[in-house]
Each structure stands twice: as structure tokens, then as C-alpha cells.
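Let's take a walk through this structure together, one piece at a time. Have the sequence and the 3D view ready beside you.

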Amino acid sequence: MKRRNHQNAKRYGMVVDLDKCVGCGSCMVACMSENNVPFRADESDKLLSITWMKVFKLTNGKTFPDNEICYLPRPCMHCEGSHGHSPCVSVCPATATDYSSETGIVSQIYTRCFGCRYCMGSCPYHARYFNWWDPVWPEGMEKYLSPNVSPRMRGVVEKCSFCFHRYQLAMNKAYYEERDDIEEDEYQTACTQACPAGAITFGDLNNPDHAVTQLAQPDLKHGGRPKNPLVFRLLERLGTNPKVYYLSSREWVRKSGDNYVKDEKKSAH
Amino acid sequence: MKIDRRSFLSLSIGATAGVTLSPLPWKLTDDLSIWTQNWPWTPVPPDGATTYENSSCALCPGGCGITVRKVGDRAIKIEGTDGHPVNDGGICMLGLSGLQLLYGPTRVKTPLKRVGKRGEGKWKKISWDQAIAEVASTLGDLRSDGKPWAAGCVSGSDKGITPNLFKRFLTAYGSPNFMAMPSMADSYSLAMRMMQGQETMPGFDFENADFILSFGSGILDGWGSPARMFKANSQWVKTGGKVVQIEPRLSNTAAKAYKWLPVKPGTETALALGIAHVIIKSNLYNRDFISGSTAGFNAFKKRVIEQYSPAKVAEITGIDDPSKIERVAKEFAKAKRPIAICGKGQGDVTGGLYDFMAVHALNALVGNINKSGGVLAFETDSYINWPEPGKDSVAASGLRKRRIDGAGTGKYPHARGLLNRLAGQIVKDEKYPLEVLFVSGANPLYSMPDTNSLKKAFDKVSTIVSFSSYMDETAMYADIILPNHMYLERYDDAPIPPGMGKPVVGLVKPVVKPQFDTMHSGDALIRLANEMGGSMKAAFPWEDYERCIKETFGEHWETLENEGFWVDSNVSSGGGKFATDSGKFEFYAENINALPIYKQAKIENSHSYPLALVSYDSIRLAHNYIGDPPFAMKTVESTVLKGNDLFVEVNPTTAKTYGLSNGARATLSTPVGSARVRVNFSEGIMPNVIAMPKGLGHTAFDMYLAGKGVNFNELIVPIEDPASGFDAAWGIMAKLAKA
């Protein structure tokens, strides 16, 4: 099959409106429940707690009563790097994780992964998690496991897949109905769907009609950098070219998206 | 052959090189990883046809529409229902975790009878026939002794069909002692009765409002119907609607608010009256509404002008600059559709009558009542119109007895129920023992303030009958458990969510077959009544609960079955007319001589307890009847819970006074209890205030929840509001010491 040019194929991405996000954590649980994410008796060690989607709490660092907080949900950024060289894909010795130029989604194939965890070391967003134990569901609870996502076993890395199985199901449905492609609302991630604040927008960044493109206004000539001045990406300066964008009307929030040297005036792209 | 050093080394190196270069180790590693990855205990979820079923969530009073995805007969995912008038596709994390409760280890799987000591956890499985017969015989004995009033019920709510069946059961039986778990609806209903003549939780048209003055209501922390409030907030982000949040802690609501106004805990009412002062003094009140539709304005005006100047209020509340109060008051009064609300945190605590009246008076000052974008009043449970149950002579004499909690008589003639007084009354009044106590949809031994005293009071109750679906703290302490189906297995109504701007009633439907040998509590009551016969049987004419709910909804049943919800269009908003005797909104309620006033809470021992301990509600921590499921526990931040240690939020300046560093272990003591905690430095909390989350410190449920953290309710005591009897505690005085 001829490999399509990524410029013409899909490039799924997300914009999270941090003005609307209230930090309720629905996205985290929607993800766990959609993707058969395991849990253990003690989940308070966050280095060991598997959360494909994780809500971070940012503060402006000021003292009472000028202190402000902002919540920031962090899925996998599905970095494109340059030409699909995302940090994790570049280091995987087993081709267990790969960048799809069809969809822009960074995959994770559990049965190929042998647990070297290079990808975890290379991911600047801490979006990858290792299964140190086999998952155990209390008796009877495995009844709610979804057949669309295989439960992972001990010794493999897992991460957000942008609910890729939902894309597959939507495409299958389209093919069955003799359509070549799917509509914007036919493929939405579980977190987008669940967010009660409507803070998450998901879609194809290559499609100018999709809300996500209109919000982020990605500049494809410059590594997808957002043209909307209120929109930013995490660690923009690393050049990872992530496909998750954040919107905030507060400057300190936008600034905390990157590592700035103290007293630095503006971002040096 | 002689093996010298040289040949040994070359052989070793050669072998190493050979093995390394051959595919063998790689092949073995690969095989090994494939082998370990195929260990049979990693489940492979069976596939099947996917279907969706609509229902309503019953985990909180929020009334969200849910769509359950099923594969075969397994429920695999809960999602919010698109287009539902409450949540339109959105859903909170508790709602999303419902399947962990359905299939989880905390379910009570059959009727159980206690065999060990109370709370020991030793049970005998019994059949439903035996369970019903035993409870019926205990109840029958009590009736033959002429003491039907010695039976009582603690219900999670007093709204909806099942709670009303419990109430009906007690009425037919002859007991006035139906008690619902406290909530802001109790205080709101009473304030509404005083001011508007209608005893109901008001609705708020937040979607069309443009300025929300919130006196500690956790609009974005689970107040009212959580998903609906999140949506309303997103609407405000879009349209420029503003929220001013008044509370001592930078909650999620405060963090998202246009303005956060920290005040000393318990002084919110003074601020409300101070804001009224500014509005009246600056002539910013709605003259048409005040002159045409209100009564008692002059008395109210006199009080707030004389007693609540911004300067004085600033001093009471700890606001550093009185002009801040003036600014907020003016912004509120000048907004097009401003709403003032109260009900702390998630609104599952009551408050003083005057506290609620003071806040609601602000809505009247701006005249935003019975209007789009304002406060609305509609009757809840309008669909429950059962004929009064017939009472035999035992029941009639039992019902003449005053209530055990003192509601409706004596000091507190206006309250409908005062569960907060139950513990004290059981211990104090030996002549009024409680012999049988039903507990349904509630976990009072965890979620009532001063749980230890309540437990001691429960020791005096001869028979505790739990109807819980889960092995919670109260079920653990019961003598017999008649487990209800959980909400995904049963029919129920989802009454109008608190604060909802439209009278939306939802239908809870069974989406899966009952997983265990459980029974709908409605059916259990019908069977109990039949077993007892006579007027009890006659009071429950329905064959089963399903008939009961269908008949109750009558012509609306079809809408509910097909749409999943029904919006009561018969409800009128009243316009400028009110149901009070004067036909007007009453600032001053003459019948109880009630004029909102702020009274400084008496602080005893302020010397030994120099700090204030308040609780905070998080949408990630369920803290009522439902215990936090594993998924939700996963989202609790490590600055709240680490291992089994609970962190309290303390301002660094305060912590340093006590020599406490960030993360330090400390002993937190209040006049009623003490707990080991850790300190989390927070710049989002007022100095000298300690904030502790509700929802942790469980002793029951499973290993994912039990034993983690501290239960706030063990550290506080209820404080009786002299005007209503409701619990008006804002927290408690406390001290913090290095541990």
C-alpha cells in the first residue's frame, strides 16, 4: 500500500480549554473505564499509579490571598517530532510504539513491548506508565472489562492511545455503510465525551472545518505551532511537536507550559 | 589436552562472542517475554454485540442521564446521555465509576443476620423469607407493646418514591420518626417557607444568570447537580458571566471564580448583610420589586443599615478593606441577572435559618425572583399523590407522640426532621427509646457529624435494620441487612436535582439483571407490610414496586420510559405573587419573629484551640452514602493522601508558628477528638484555618478505601441553630501540634 503523505492524511489532536477545565477529573476516570486501566490498593505513589490522562494542578506561586490555581489535563501528546520522530518512537528497540502518518497517533503495541522503558525515559511529559505488576481485579469486577482494549500484563509500558479503538470502530462502521471517511463527531476520545465542562475539543488538525483546528490554528509550516495567541503547547521549545494544545486567557498559565529561566521576559522560540 | 590460560581465555571470549552474535539470547528473551505476557490470569474480556441502555444516575441527587454500554449481558461503560436536560453528555467521575460499585467487592450479596458482636463483621446468610419474617415479627412485637413510636427510619433523602414509601410505612405503623440525612435543602426549604410561603428547595436559572454571588457553595466542587454546574460555568466563561466566591479556602470554585473573597469561617452571613447594607444605602435595590412584591423591607433595612456597615463587616469577616465589600455589592446589584446562593460545599450540610434568609434576601433586593436567569420555586415530588394510609388505633396513638428528634414541636416547631439531634436525644431521654431503626440509602455512622456519639446512641437501639446495597459503616453495625438492588439493577425515580432551573424528573432503570440475591427496598417494604397484615397491608396496595412506580407516575410513565426524563410543564413560577399570608416576599417573618441576623458563634476554649478546622468537599471524594470507588481514589492527589496519611491544608505562616514544615506529621485536636495528620503547605487557605477533605477515614468498604486518612466527622460536633434546630456548625476550633 502506498504510504500517504502526512500533510494530506489525518492529524488527530486536541485542544484543552483551561479556562473551562474545573479539575473535576472526569477525563481521568472516563479514560480508565474506557481503556481497562488497572488499579491497586494504594494509588498514592503517583510514580506507580497508571493514569493515561492525568490532571495536574498548577499554581502561580503567589502567597495568600493572591494565590491562583489552574488545572491541566495531560494525555499522551502524540508528538510528531519532525516527520514522525517522536521522542519515544525514536528510542523503542522493539517497534512497540510507532507514529502513524495516517492518523498522527502514536501507537503502543503491548505484545511487542518487552519492558525496557526507554520510551518512559525519553518522554518529556511523563505520559507513559509501566506495569510493575499483573493487573488484578477483585473477584467479579473483571465483568466490566471492555473487549475493545486488551488488558495489559506485567512488564509492558502503556499510555493514552487517543482511544484508537474508537477510530477503528468508527472507520469500520463507515466502510460498512460504504463511506470512505468519518465525520468529526464519529470519532471522539472518551475524555472528550465525558468532560462535563466541555473543555476538551478533539479532531483532525489537518481539517480546517474541525473545531480543533479553528481553536488551535496550527502553523503547519512551523511544526504545528499555534497561531492563536491564547493557545500554547507543553515544552514547546523541545521541538517535540505535540498535538495536544492548551488554551488559557491567563498569562502565567501559558508561561508555565514551558521551562523558563527565571526572569526570562518572553519565550524564545 | 592441556587447558592453559590462553586457551581458556580464548574459549571464553569465543563462546561469549558466539552466544551474543547468535540469535539465541534474543530469541530466548523474546520467547520469555511472550510467555510471561500470555500468563492465563490476564483476563481476555469476552466479545459480543454492543448495546446501549439509558437510565439515570442515582449516586448523588444530581440526576444526570446515563447511557450504559453493554457487551452481551455485561455492563462495560457508563457515559453521560447526550441531549439530557441535566448533563447533556457530561458526567462526573463518580458516575463514571458506577460499574465498580455494581461488580465490586463491597456489595451485600444476600440478606444477612448478625451472629457476632455488633460491628464485628460476623454474619449468617439467611433467606429473604426468613429475613422478612424476622423483621415483621420484631415490628409486630413492638406494636403489640403499644410502642410503635419506638421505630424509626434514617433515609438518605426525603425526596422521591422509595423514601416516601419508608415514610408511609412508618405512618401506617404508627411512628412519626422518619428522618432524612441533612442537606442544604432543609435550610433552604425553611427559609423559602418563611420568605416565600413555599416549603421547597429553590431552583436557580444559572444558565441565564450573569452574576453569581456564592456564599461558600461549591459550584464547581459538587454543589447541586455537579455536571450541570460545570456546564453552566463553561457558559459563563463564554458569555462573561461572573462568579464571586466567598469562603476561606481557594477551592476549585474559588480558583475559577472572577473574584475570590476569603472570609473567616462562619462569618458569611455578616458579609451577606453587609452587602445588603451597601445595596440599600446606595439605592441600588430594585424599587419596583421591593415596593410592589415585598413586605417587611423597612425592618430589614433598619437592621442592616444600623448594624452591618462595611467597616464593621470587614472587621467581622477578616476582609482587609471595606471597599472590597462595597465593590462586590455594587457589582452584584448592577448585574442584569444576579443570583445569590448558599449551602456550603456540596450542599450536604444544613445551616442556620438566618444564614439562608440573609443570602436569599439579596435575591429579593435585586428583584431576581421568579424570572428567567433568577430564583425559581417549584414543588418537588409533585407526582407522589398517594391517598393517606389508613391508621388503626395503634398507629393513631403512636403518631400522636412527639418526634424523637424534637422536630415540629417545642423549641423547633418549623423543622421537618433534625437527625443532628438524634444522638443526643437517644442518650438524654431514657423514656423515649428507639427500639427498631431502619437505615436506607444512608450511612449515618460515617457521614453524620460526631459519628462517635451517634455510634454510642446506636448501641441503645435494639434492632438496626440496614437496607444498604454496600457493606458500609452503618450496615456493618446493623443486626440484619436486607440488601437493596444497586441503582443499575432497579427502577427508581430521580427527583428534581437540587437547585435545578427546570423541574426535570429522571427515571432510574435496571440496565443489568440483579447480580446477587438482593431485593428492591420498595418490594421489601411491600412484603413486610403484607406479612404484618391489617391496615399495614392496606396501606401498600401495590403488587410490587414496579407497579407502584408505574401507577405513581401514571400518564407520565410512558414519557419516562421512552425519554428517560420528564419535564413537569405544569409548574408555574408564580411571577410577582408569593404564597405567604401577605402574598408578598417577606424579609421579616413575623410568625417566628425572624429577621436575618449574624451572631458570632460562641467560642469556648479559644485559648487552648486557637485555630479553626473546616472541611472541604472535593468532586473526587464521595463522602455520603457512597464510598469512593477505586477509580476515583486513583485521582486523589498525593498532596491529599499518601499511603494512609491524610494531609490537611495549612497556610505556611500558620504552620511555621507551630514549627511544622511542609509534609510534617502533626496531631490535630479538637474538643471532641484528635487525629494524626500531615501538613500540606497551601497558599490557598487563610492563616489560622486548617482545611481537611471529607470522604476519607472509612473503616468499612474494601481495601481500596478502608483505613485511608481520617474521617472529618469524628472531629466535629453539630451546633444547634436556635431558630430552626438545624446543625449550623461551620467547622470547629482546633489545635495543631508537632507529632
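Axes here are lines fitted to C-alpha atoms, for helices over the stretch in contact, and angles run from 0 to 180 degrees between N-to-C directions. This is a predicted model, in which local features need pLDDT of at least 70 and side-chain atom pairs count only at pLDDT 80 or more, while totals for chains, interfaces and linings use all residues. Residues are numbered from 1 along each chain as its sequence is written, with chains lettered from A and ligands numbered from 1 in the order in which they are written.

With that in hand, please look at two helices of chain B. α13(B) and α14(B) pack at an angle of about 110°, and their axes lie 8 Å apart. The two helices are therefore roughly perpendicular, a label for angles of 65 to 115 degrees. Helices are DSSP runs of H or I of at least four residues, strands are runs of E of at least two, and both are numbered from the N terminus. On the α13(B) side, B:P310, B:A311, B:V313 and B:A314 meet B:P322, B:I325 and B:E326 of α14(B); two residues are in contact if their C-beta atoms, placed from the backbone, lie within 7 Å. By class, this contact has 6 nonpolar residues, no polar ones and 1 charged. Ala, Val, Leu, Ile, Met, Phe, Trp, Tyr, Cys and Pro count as nonpolar, Asp, Glu, Lys and Arg as charged, and the others, Gly among them, as polar.

Which residues of helix α13 of chain B are buried? They are B:P310, B:V313, B:A314 and B:T317, where buried asks for 20 or more other C-beta atoms within 10 Å of a residue's own. These residues cover an arc of only 105° around the axis, which puts them on the same side of α13(B). An α-helix has 3.6 residues a turn, so residues three or four places apart point the same way. The buried residues of α13(B) pack against α10 (268-281) as well as α14 (322-334) of chain B. Just after this helix, B:G318 takes a positive phi of about 85°.

Now turn to the sheet of chain B. Its 3 strands form an open sheet in the order β1-β2-β3, with antiparallel pairing; strands pair if DSSP finds at least two bridges between them. β1(B) is joined to β2 (residues 65-71) of chain B by 7 bridges, and B:Y52 stands opposite B:R69 in β2(B).

Notes: Buried ≥ 20, exposed ≤ 12 C-beta atoms within 10 Å, placed from the backbone. Arc of directions from axis to C-beta. Parallel < 35°, antiparallel > 145°, perpendicular 65-115°, else oblique.
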